[in-house]
Amino acid sequence: DTANHARRTAYHFQPAKNWQNDPNGPMYHNGMYHLFYQYNPHSALWDIGNLSWGHSVSGDLLNWAALDTALDPTSPFDANGCWSGSATILPGALPAILYTGIDASKEQVQNVAFAKNPSDPLLREWEKPAYNPVIALPADVPGDKFRDPSTAWLGRDGLWRIAVSAEVDGVASTLVYRSKDFVRWERNAAPLHASRAAGMVECPDLFPVAERGEDGLDTSANGAGGVRHVLKLSVMDTLQDYYMVGTYDDAADAFSPAEPERGDDCRSWRRLDYGHVYASKSFFDVRKNRRVLWAWANESDSQADDVARGWSGVQTFPRKMWLAKDGKQLLQWPIEEIETLRRKRAGLWRGTRLGAGAVQEIVGVASSQADVEVVFKIPSLEEAERVDDPNRLLDPQKLCGEKGAAVRGGVGPFGLLVMASGDLHEHTAVFFRVFRHHDKYKLLMCTDLTKSSTRAGVYKPAYGGFVDMDIDDHKTISLRTLIDHSVVESFGGGGRACITARVYPEHVATSSSHLYVFNNGSDAVKVAKLEAWDLATATVNVVVGDHHGL
Ligand code: DQQ
């Protein structure tokens, strides 16, 4: 029906139909971007035994053409599923994939696959050598807890390394394997990371970042100085992705965290996104010298809805990722290619003042498919809400739940109302709020979904995170929000805090969506600048004759 059709995204990656989850093996090769993804070719639901690698190609990371599945569960070493993995481009421009197979006896093993014809620009066919698995299940790891090989990196000793997730003696571990030829792999005695507390971790990603500047680095870059590393882990317990910046020593294959005080339970590391994304994976884009991140954002309505729609799951919009000047946090930003989709523009340019209770519509853009950039100026922090008990500042999501967009504050809540019905009955609020504990200020960012849909049975939490910046120094806070039918993906403070949410408003069946800027604090704030663009519909795996869009 119309409401269901309206959920389909216009520029966030989706297959034409069916279930997708983790991004797999992203790479740039021979002038083409490749994205593989966990895919169930048979239905809109996840099916433990039926996962294939879907495969799409793109020249610009915006428009995608769907190819046949690259890997299917057809061999003894993956008969029960081709699970997540990564791509590495071997010397001689030979792309290789390492992935987890669920073998005929339902045990997790690591397999290799090579492009059958590396000069085929589309890399359509993949060969799974009969000598697989290349890494059998170790004796000290349970059969269902050994998976998700990372992209490989080369050490100075000329050996390839990969990280693989495993539970070893009840300890969540990120194992390192080394190989000379990509076929015979040997496990290091010491894991790269281990935590007794975290539960099973999945989809490890270890990658270098430059100490200065926004350029990305090849996954094997290290040593020369000016290089730090990031370890990203996905935690099954919370279904969240966490990361730590640090240094990686390839002589000992050891990772030293920049913030050891956060401990080894990665659930107290930094969050990649405070909304709901999981199983992220990055790759080095040599075409534009940047590191690009993909992540899966699942549906938050019901399985019956997924079946009725015929699809489930999207990928976040590709994000460029680099190290902030503080050397501790990553900055994330939508790749610049999105600007080519920008069409009609609307906005506020002349320093509009938003007094207490202001709600101002941004007329001229249809807010279901848009890109919004806004800069707020905070004239004074005088009225910031005082918090005496510092424990109240420990759980930002809880704070966003208690203090939603409708709860009056001092400095904030101010921000955007997106995907709003004309009567504001339905709206998704993306906003900031400043707290003060003694002489320290804390900047909270929230995406409040409680009013996002009038429908029952949809998960409508308020997501939140603190933006790690000195708000009293800057007195300025930026917000970028990408709106795409059922996705609201926001970047606060220049990409310091990201919140991705899925929304299912009902009004879209019968009317268009509106966009507002608001302030529900007692102190006025200023909109230094607000620009909003209608975005064109990209060609994302569409079946010819089935174009939807504006
Ligand atoms: N999804 C894959 C696994 C991975 C999990 C299976 C993470 O390989 O651990 O679809 O979402």
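This is a predicted model: local features need pLDDT of at least 70, side-chain atom pairs count only at pLDDT 80 or more; totals for chains, interfaces and linings use all residues.
Widening the selection to whole strands gives β2, residues 32–40, and β3, residues 52–58, which run antiparallel to one another and are joined over seven bridges. A further pair to display along the way is glutamine 38 with tryptophan 53, the residue of β3 that stands opposite this glutamine.

Stay with β2 and colour its residues by burial: eight of its nine residues are buried, so β2 is largely enclosed by the rest of the structure.

Follow the chain from β1 into β2 and you pass through a hairpin with two residues between the strands, where asparagine 30 in the turn has a positive phi of about 55°.

With these strands on screen, extend the view to the open sheet of five strands, whose order is β4-β3-β2-β1-β22 and whose pairing is mixed. At its edges are β4 (65–71) and β22 (311–312), each of which pairs on one side only.

Now select the ligand and its surroundings, a shell of 13 residues in which the closest are Gln38, Trp83, Ser84, Glu202 and Ala279. The elements giving two or more residues to this shell are β1 (18–29), β5 (82–90), β15 (201–210) and β20 (278–285). Coloured by class, the shell shows five nonpolar, four polar and four charged residues.

Finally, zoom out to the whole chain, for which the domain assignment gives domain 1 (2–7 + 18–334) and domain 2 (343–535). The C-alpha centres of domain 1 and domain 2 are 32 Å apart, and the contact takes 24 residues from domain 1 and 27 residues from domain 2. To look at the side of domain 1 that touches domain 2, select α1 (2–5) and β25 (330–334), each of which supplies at least two residues of that side. The largest share, four residues, comes from β25. By class, the residues on this side of domain 1 divide into 11 nonpolar, eight polar and five charged.

Definitions and conventions:
Residues are numbered from 1 along each chain as its sequence is written. A residue is near a molecule or strand if its C-beta atom, placed from the backbone, lies within 6 Å of it. Ala, Val, Leu, Ile, Met, Phe, Trp, Tyr, Cys and Pro count as nonpolar, Asp, Glu, Lys and Arg as charged, and the others, Gly among them, as polar. Domain bounds come from an automatic or database domain assignment. Two residues are in contact if their C-beta atoms, placed from the backbone, lie within 7 Å. Two strands pair if DSSP finds at least two bridges between them. A residue is buried if 20 or more other C-beta atoms lie within 10 Å of its own, exposed if 12 or fewer, and partly exposed in between; C-beta atoms are placed from the backbone.
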